[in-house]
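These are my notebook entries on one structure. I record what I looked up, in the order in which I looked.

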Amino acid sequence: MRTRLLAATLTAFAAVSLAACSSSGPGPHPATAAAGSPTTPAAASAPAPGTASTPPAPESPSASAPDPATSPSAPAAPSAPAADSPSAAAPDSGSPGTPAPAKPTPPSDAGLPGKPGADLTGKLVAALDAIDPAIVGGKPDQAVDRARNQCQALFQFPKDKSKLVELANQRFTSPEHPQGFGPDTAAKINDALRTTLCPPPA
């Protein structure tokens, strides 16, 4: 009886062990095979743990933007006017709008000598009598006045000989020579006045 019970127990234990071995099977565990299979799509496409996928860098705007200096549509910067251009040139000081400085007017008595003393009057009368006694005609004061006025003309027109001769003929006259003593005598009168009464030119 005890032998049968032991045999039945062993038979039952063997059956349970066989069933357990049959359920586990000799092959690898499905989950293990799936995790280690090289053909798993998820393992091939998924990124490695701890790393983030890097998106492509955006294109730099400075690389694609056109250069304003070389772009044909960019307006050219206005250039500064040249130094010698008409708009930059300095105004002409001699332009018609600028009045020229006025020339100072000489005084009315410029070149007019003072009334001579007796000595100088004597020298003047002697010089005129040497040319022609009719020039003084016995009137020394009148001859001095005419000589002083002629000295002023000599001062104002030092190089205009024809004008000086004409003025001498108008000033030095006599009853016998109402139109003057002529060009030759008038030129001699001017020379006599220069050496006696008239001041030298400045």
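**Entry 1. Helices α5 and α6.** I worked throughout from a predicted model. I began with the packing of α5 against α6, for which I noted an angle of about 90° and axes 10 Å apart. At that angle α5 is therefore roughly perpendicular to α6, since 65 to 115 degrees counts as such. I then listed the residues that make the contact: Thr-121, Leu-124, Val-125 and Leu-128 from α5, and Pro-140, Ala-143, Val-144 and Ala-147 from α6. Sorted by class, this contact holds seven nonpolar residues, one polar residue and no charged residues.

**Entry 2. Overall make-up.** I next turned to the whole chain. I counted eight helices and zero strands in the protein. Of its 202 residues, 20% are buried. I also looked up the sequence range of the contacts: among those between residues at least 6 apart in sequence, 58% join residues at least 24 apart.

**Entry 3. The nonpolar core.** Which members of the largest nonpolar core touch the most other members? Of its 20 residues, I noted Leu-124, Leu-128, Ile-135, Ala-147, Phe-172, Ile-189 and Leu-193. The elements that give two or more residues to this core are α5 (118-131), α6, α7 and α8. The largest share, six residues, comes from α6. As background, I wrote down that nonpolar side chains tend to be buried together in soluble globular proteins. I then followed Ile-135 by itself. Leaving aside residues up to four places away in sequence, Ile-135 touches Leu-128, Phe-172, Phe-181, Thr-185 and Ile-189.

**Entry 4. Helix α7 and its neighbours.** Helix α7 covers residues 161-171, and I found Leu-164, Val-165, Leu-167, Ala-168 and Asn-169 buried there. The buried residues of α7 pack against α6 (140-156) and α8 (182-196). For the pair α7 and α8, I recorded a packing angle of about 95° and axes 8 Å apart. These two helices are therefore roughly perpendicular to each other. On the α7 side, the contact is made by Leu-164, Val-165, Ala-168 and Asn-169. On the α8 side, I listed Gly-182, Pro-183, Ala-186, Ala-187, Asn-190 and Arg-194. By class, the contact of α7 with α8 comprises six nonpolar, three polar and one charged residues.

**Entry 5. The disulfide.** How many disulfides does the structure hold? I found one. The bond joins Cys-151 to Cys-198, with an S to S distance of 1.8 Å. The two partners come from distant parts of the chain: Cys-151 lies in helix α6, Cys-198 lies in the segment after α8, and they are 47 residues apart. I read -90° about the S-S bond, and the link of Cys-151 and Cys-198 is left-handed. Are the two cysteines buried or exposed? I noted both Cys-151 and Cys-198 as buried.

Notes:
Residues numbered from 1 in each chain as written. Predicted model: local features only at pLDDT ≥ 70, side-chain atom pairs only at ≥ 80, totals over all residues. Heavy atoms only, no water. Buried < 20%, exposed > 50% of the residue type's maximum accessible area, 1.4 Å probe, protein only. Helix = DSSP H or I, 4+ residues; strand = E, 2+ residues; numbered from the N terminus. Contact = heavy atoms within 4.5 Å. Core = buried A, V, L, I, M, F, W, Y, C linked by side-chain atoms within 4.5 Å. Disulfide = S-S within 2.5 Å. Axes fitted to C-alpha atoms, helices over the stretch in contact; angles between N-to-C directions. Parallel < 35°, antiparallel > 145°, perpendicular 65-115°, else oblique. Nonpolar A, V, L, I, M, F, W, Y, C, P; charged D, E, K, R; others polar.
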